[in-house]
Amino acid sequence: MILKLGSKGQAVRDAQALLNESELLCNLRVDGIFGPKTEAATISFQLARALYDDGIIGSRTWAELRRGHDELLLPWVKVPADKYGEGYSSHQLREDVAEQYMLVLDECREAGAELTSSGSKRSLNAKVGSNRSATSLHYVGRALDLFVYSGMVDPEKDPYVVVPDITEDRCWVVYARAKEGEEMALGGYVYRGRKIEMVRGKFINLTEVFRRHGFERIRARTSFFASESNNGGAEWWHFQYEGGLVKGSTSFGDELLRMYTIEEVSSTPPWKESGRVWGVNWS
């Protein structure tokens, strides 16, 4: 497909995202409109690659855009976890996020706490629904889930006691039971009956451990509190690495193309949201 000034559509979005991922770091808005800024970025890219600098994206420019992008892809790395119940003993994160996760794991191991897993990497073709966002950081290797039934089941025995955070609406603080932890009395939230049970024991504040290494929590969905059958909306288990995401600048498409080729991602549900911008209409 040939793109030039005035072209519109998904192919233009693909090209804009690839230009952003090139060595020029063009910082274009991925909006599907081939305007003067996209044309100027195309000319700069063509000059950098010794191509005919006509500002038109034809077969040779497409080939160079894809070749340059594929060389910059970040690898997926398998990291260990503590198997609990039907959870996993390992999962995958992008390389830089895996390094930070291992620091969290080291702190847990040192304190005698478990780090469970319901997985991290999500298929680009995974079903999207009320409890599964099309713009989740799971798609780009930045998010992980603790095993969803390693907390909020039996606070006296669970690896985690999940406490409502009174300072932020619909947020949780996750405490991990730890041999070398601090003695605490906690009010743990329970799925069944949506009640709180008091429990005593030795714990570390796992939410703070994650935060020290760049991982943030997300809010529970309002639907969780409206229906006792919607345990999937609790979201206490979800932690996401936000280092390097620039508010008002980083797009979801930019992040997708750090991990996938345009051929792999362009026909998938997440790519339809590639123009969303961090801190503006994506979080």
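**Close-up views of a predicted model**

**Figure 1. The largest pocket and its lining.** Sorted by class, the residues that line the largest pocket are 8 nonpolar, 12 polar and 9 charged. The structure shown here and in the other figures is a predicted model. The lining of the largest pocket is made up of 29 residues. Which of them lie nearest its centre? They are Ile218, Arg219, Arg221, Glu235 and His238. The volume of the largest pocket is about 760 Å³.

**Figure 2. The second largest pocket.** This pocket has a volume of about 310 Å³. It is lined by 15 residues, and the closest to its centre are Asn20, Glu21, Leu25, Asp254 and Arg258. At least two lining residues come from helix H1 (10-21), and at least two come from helix H7 (252-259). Which helix gives the most to the lining of the second largest pocket? H7 does, with 3 residues. By class, the lining of the second largest pocket divides into 4 nonpolar, 5 polar and 6 charged residues.

**Figure 3. The cavity.** Rolling a probe the size of a water molecule over the atoms shows where empty space is left. How many cavities of 30 Å³ or more does the structure hold? There is 1. The space in the largest cavity is about 40 Å³. Its lining consists of Trp172, Val174, Thr207, Arg217, Ile218, Glu235, Trp236, His238 and Phe239. Of the residues in this view, Ile218, Glu235 and His238 also belong to the lining of the largest pocket, where they lie among the residues nearest its centre. Strand S5 (172-190) supplies at least two residues of the cavity lining, as does strand S8 (238-241). The lining of the largest cavity has 5 nonpolar, 2 polar and 2 charged residues.

Figure 4. H2 covers residues 36-48, which is 13 residues. From its first C-alpha to its last, H2 reaches 18 Å, close to the 18 Å expected at 1.5 Å a residue. The buried residues of H2 are Thr38, Ala41, Thr42, Phe45 and Gln46. Why do these buried residues line one face of the helix? Seen down the axis of H2, they fall within an arc of 135°, so they share one face. The buried residues of H2 pack against H1 and helix H3 (59-71). On the face of H2 turned away from the buried side are the exposed residues Pro36, Lys37 and Leu47. Just after H2 comes Ala50, which has a positive phi of about 60°.

Figure 5. H3 has 13 residues and reaches 19 Å from its first C-alpha to its last, close to the 18 Å expected at 1.5 Å a residue. Which residues of H3 are buried? They are Thr61, Trp62, Glu64, Leu65, Gly68 and His69. Around the axis they cover an arc of only 165°, and therefore they sit on the same side of H3. Packed against these buried residues of H3 are H1, H2, H7 and helix H8 (262-265). The other side of H3 carries the exposed residues Ser59, Arg60 and Glu71.

**Figure 6. Leu3, in the segment before H1.** Is Leu3 buried or exposed? Buried means under 20% relative accessible area. Leu3 has a relative accessible area of 2%, so Leu3 is buried. Leaving aside neighbours within four places in sequence, Leu3 is in contact with Ala11, Val12, Ala15, Phe34, Gly55, Ile56, Ile57 and Trp62. Gly55 is 52 residues from Leu3 along the chain, and the C-alpha atoms of the two are separated by 8.9 Å.

**Figure 7. The protein around the close-ups.** The protein has 8 helices and 8 strands. Along its principal axes, the C-alpha trace spans about 70 × 40 × 30 Å. What share of the 283 residues is buried? Buried residues make up 52%. Among the contacts with a separation of 6 or more, 61% are between residues 24 or more positions apart.

Key: Residues numbered from 1 in each chain as written. Predicted model: local features only at pLDDT ≥ 70, side-chain atom pairs only at ≥ 80, totals over all residues. Heavy atoms only, no water. 1 Å grid on protein atoms, 1.4 Å probe; cavity = no way out; pocket = protein on both sides within 12 Å on 5 of 7 lines; lining within 4 Å. Points joined across faces, edges and corners; volume = space filled by probe spheres on them. Nonpolar A, V, L, I, M, F, W, Y, C, P; charged D, E, K, R; others polar. Helix = DSSP H or I, 4+ residues; strand = E, 2+ residues; numbered from the N terminus. Expected span 1.5 Å × (residues − 1). Buried < 20%, exposed > 50% of the residue type's maximum accessible area, 1.4 Å probe, protein only. Arc of directions from axis to C-beta. Contact = heavy atoms within 4.5 Å.
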